[in-house]
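Please walk through this protein model with the sequence and the structure side by side. The text below goes from one region to the next.

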Amino acid sequence: MNSILNKSIAKGKSYQEYRIFTAKLSQDGQSSGENPTPDYVNYTKLNESRMHRLDKTLELVDDVKLYLENLPKEYIWLILAESWCGDAAQILPVINKMAEVSNKIDLKIALRDENEDLMNLFLTDGSKSIPKLIIINKETGSVIGNFGPRPAPAKQLLLDYKAAHGVVDEAAKIELQKWYLADKGVAIQREIVALH
């Protein structure tokens with residue numbers, strides 16, 4: 001697994017590089033991924049504006065910030081994502097804000113479709129769901145935990161919706177985005193800190 005991790009880390013982008021990459025895709029009417037569809041292009045544009053807004057408005061919870069400022073060990077936070085993923089657009093800005101407050105977190109973002117061997121090690125119920133954050137002890141190279149593709153309350157929202165309606169449709173996605181807006185990244189922060 002270490003060789004797979006190291007290969008993906010080496011290919012990974014910083015958050016700033018990823019933001020430049022997604023902004024260019026959006027501007028050029030493109031999307032990341034193996035087979036970008038017109039829907040993926042539209043999602044990339046929408047996600048670019050979401051990330052831009054979150055980068056400006058998102059705040060960390062005080063106790064999370066304090067915890068991250070005093071991490072005892074160094075970590076690599078490796079995220080698998082794609083520009084079209086709505087959950088990634090909501091979650092990556094939160095993870096970036098968390099990494100920014102600590103000099104002990106090295107954040108890297110790798111594209112799922114370019115890192116299939118790594119994605120296959122971190123499936124969610126057999127699917128290649130993203131984003132997926134993999135937390136690695138920098139000194140030992142061992143994986144200490146992973147998070148994703150979304151926080152527990154958001155997962156439950158979709159499970160409940162599917163149970164009631166038999167499908168996860170556009171209305172469900174709208175409800176999910178409303179949940180993210182109301183939560184302001186708090187559930188994400190708490191669940192990631194709990195992994196350390």
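Glu69 belongs to helix α4, residues 62–69; helices here are DSSP runs of H or I with at least four residues, strands are runs of E with at least two, and both are numbered from the N terminus. The structure is a predicted model, in which local features need pLDDT of at least 70 and side-chain atom pairs count only at pLDDT 80 or more, while totals for chains, interfaces and linings use all residues. Residues are numbered from 1 along each chain as its sequence is written, and side-chain values use heavy atoms, with hydrogens and water left out. Glu69 is partly exposed, at a relative accessible area of 43%; buried means under 20%, exposed over 50%, and partly exposed in between, with a 1.4 Å probe and protein chains only. Glu69 and Ser102 are separated by 33 residues in sequence, but their C-alpha atoms are 5.0 Å apart in space.

The next topic is a pair of strands. Strand β1, residues 75–81, runs parallel to β2 and is joined to it by seven bridges; two strands count as paired if DSSP finds at least two bridges between them. Within this pairing, Ile76 stands opposite Asp106 of β2. Between β1 and β2 the chain passes through helix α5, residues 86–100, and this β-α-β crossover is right-handed. That term applies if, with the strands pointing away from the viewer, the path from the first strand over the helix to the second runs clockwise. Strand β2 covers residues 105–111, and five of its seven residues are buried, so the strand is largely enclosed by the rest of the structure.

How many aromatic pairs does a search of the whole structure find? The search gives three, where rings of Phe, Tyr and Trp (its six-membered ring) pair if their centres lie within 6.5 Å, and planes under 30 degrees apart count as stacked, over 60 as edge-to-face and the rest as tilted. One of them is the tilted pair of Tyr18 and Phe21, with 6.3 Å from centre to centre and 45° between the planes. Tyr18 and Phe21 are both in helix α2, residues 15–27, and lie three residues apart, about one turn of the helix. Tyr18 is buried, with a relative accessible area of 1%, whereas Phe21 is partly exposed at 23%. Trp179 and Tyr180 also pair: their ring centres are 5.3 Å apart and their planes stand at 70°, so this pair is edge-to-face. Trp179 and Tyr180 are both buried.

Phe21 has a further contact, with Lys13 over the face of its ring at 4.8 Å from the ring centre. A charge sits over a ring if NZ of Lys or CZ of Arg is within 6 Å of the ring centre and within 35 degrees of the ring normal.

The backbone has some points to check. The peptide bond between Ile130 and Pro131 is cis, with omega about 5°, and Pro131 lies in the loop between α6 (116–119) and β3 (132–137). Another cis peptide bond leads from Gly148 to Pro149, with omega near 5°; Pro149 sits in the loop between β4 (143–147) and α7 (152–165). Asp125 is not a glycine, yet its phi is positive, at about 50°. Asp125 is in the loop between α6 and β3, and is exposed, with a relative accessible area of 83%. Lys184 likewise has a positive phi, near 60°. Lys184 lies in the loop between α8 (170–183) and α9 (186–194) and counts as exposed at 56% relative accessibility.

On a 1 Å grid over the protein atoms alone, a cavity is a set of points where a 1.4 Å probe fits but cannot get out, a pocket is an open set with protein on both sides within 12 Å along at least five of seven lines, and lining residues have an atom within 4 Å of a point. Grid points are joined across faces, edges and corners, and a volume is the space filled by probe spheres set on the points.

The structure holds one cavity of 30 Å³ or more, and the largest cavity has a volume of about 40 Å³. Its lining includes Trp179, Tyr180 and Asp183. Helix α8 contributes the most to this lining, with three residues. The largest pocket has a volume of about 770 Å³. It is lined by 28 residues, and those nearest its centre are Asp87, Arg150, Leu158, Lys173 and Leu176.
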